[in-house]
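Keep the model open as you read.

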Amino acid sequence: RSLILVPLLALAAHALISSFNYVPQGANPTLFVPGFEPVMHLDQATFDDTVFGQDHAFVVLFYADWCGHCRAFAPYYRSFANLVMNWNSIVTVSAINCADNFNQGACRDNGITHFPMIKYFPRTARNTQNAIDMEAQHSGELLRESLLRRVTNEYAYNRYPDWPAFHHIAVDATTTYGDLWTGVSPSANHMVIFFEMSDGDGAQFLLDMSSRAAMVGAKRSLASSPLTQMLRVPSFPSVALFRRDHQQALYMQPFSNRTYSDIDSIVTADRISLHQQLLTTTTARPLFSTTTAKPVIDCNANPDRCRSMYYVSETDMLKAMRMALYDEVIKTGDFVAADNFTSLYEFVNLLSNHFPVLSFSTDLRAKKRRSTSTILKNSERARMIFVHMREYLEEKSAQKYVSVDDWKRHFDDIEQVFNHPFPANSSWQHCKGSTPSTRGYTCGLWTTFHALTVHTYIDTIKDEDVDSLKPLKAIQGWVKSFFGCEHCKNHFMNMTTKLFPMNERRVRHPHDMMTYLWRAHNIVNQRLHGDATEDPQFIKTQFPPPFLCPTCHSGGAFSRRQVRNFLLRYYGSIEPHNRVDRRRLV
């Protein structure tokens, strides 16, 4: 028996429970500031012991820091967290960054297939199967209403004695004043009763008061109760405050935004007069970020400085493709099957054939323009990984499915064979945002998609039978099956199927594979211009801007021929991984 007890004690000693001041482990930035916002950070090390080992419920936001929709949703979740901050003894608002490799296990265990996702874990939850999905509504108030329903439903089934008594007070001829205090903490010398016509704001009021439970008990009563007539409650909803040794109401007023501060003031004054401990209430912590943004360069006034910030980085593309084939694929569930299997094969096939391994540059100063090429050594090794992963999928083509665990294991093995060509721990280069919460992965994806169409065009320029739609369809298939930002995915699919359909009418010639994606991306830029997720240094104007390609602009419109030439130059000339760090600072 003692031999069994020792490891159990060791496990208990190593249990790691998060707190509001906890800084999560991992390398990625977070969308919320630890210690300054009422959002508890979770990670792989703390998730299970925190969520499944506590005596209250949890709301968990599963997000990816690179996901544009997650960034846009963050202010609403922050507002929601502040609205329900006083509910913390009942339910804790928390978040975990699934884009961080450190957290992959926790996010996969929770079945996270897209971002953002919100789950409610009841107080009785002991595993991920007990969670209930919540809609990621763009409103702090609507999120609060959704959480209120989850909490009151849980109470209806479990009637936890240490939770607020959400049921209405039952009063009859035999009820005494002392009976009204049943269930109120012995340390509380005051009680407030919320009177309402029907099942309205009373439940929210009880939760708002729950942080004061040790000082003030809270209950609710219907207008039809005999208690209402006894106290002559004038209107509804109204609030009445009592002291334990005094049956007359100390305070009775219609419910309003001032009610909470009124109660705090009266109870505090009353406790002072009775020489008791001051009532302490939770004070909202200031919401500020410790991140200092770099000054924004005016590209109209300083075109040369801005021009140097725009380039195609091998580092960015390699980082994005590892996330696309590894992080995104392994979160899809236990198997990649059917249409998802086909989408994965087609995208890997595109990478195997046309992922850039050469960078082309032209010396414009020479009497005769000379083009030179540079081998992208990391990309050469990465392309060999793509080839091996394609062969692995071809072996599974008869059954048309692959285990996610097998895919992960095979990718890890091949990555090691080719000496880890993906610089996963390097910083983003061109795609580095002005702040940690802008650009990054999505910029890397778009950059790679464009580079793939340009290099497919270059590689097949002499092929008269090239299928110009095939690379675009491969990209579309990956987005549909694996892109984790659900909102972004839906917009992309709507654009490429309805708004600007990806079809043979628009992609008739080989060069159309480049210009279709260019036009599609500008549609996205137009939609997101002015959005809260926009990087102030890289605003989403129509690309390329005049300071990058003056000849592309003619009479207020784009010159398609000049744009086509620009795309070939821009995405053909790639900064190698080991050279980007030597670029001058702007």
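Helices (H or I, at least four residues) and strands (E, at least two) are DSSP runs, numbered from the N terminus. The expected span of a helix is 1.5 Å times one less than its number of residues. This is a predicted model: local features need pLDDT of at least 70, side-chain atom pairs count only at pLDDT 80 or more, and totals for chains, interfaces and linings use all residues. Residues are numbered from 1 along each chain as its sequence is written, and side-chain values use heavy atoms, without hydrogens and water.

**Helix α5**

Helix α5 covers residues 140-158, 19 residues in total. From first C-alpha to last it reaches 27 Å, close to the 27 Å expected. At its start, a side-chain oxygen of Ser139 comes to within 3.3 Å of the backbone nitrogen of Glu141. Just after α5, Arg159 has a positive phi of about 50°.

Buried means under 20% relative accessible area (1.4 Å probe, protein chains only). In α5 the buried residues include Leu143, Leu147, Leu148 and Val151. Arg144, Arg150 and Glu154 are also buried.

**The chain**

The chain has 19 helices and 17 strands. Its C-alpha trace spans about 100 × 70 × 45 Å along the principal axes. Of its 586 residues, 51% are buried. Contact means heavy atoms within 4.5 Å. Among contacts with a separation of 6 or more, 72% join residues 24 or more positions apart.

Methods:
Buried < 20%, exposed > 50% of the residue type's maximum accessible area, 1.4 Å probe, protein only. Polar contact = N/O pair within 3.5 Å; in protein donor to acceptor, adjacent residues only side chain to side chain.
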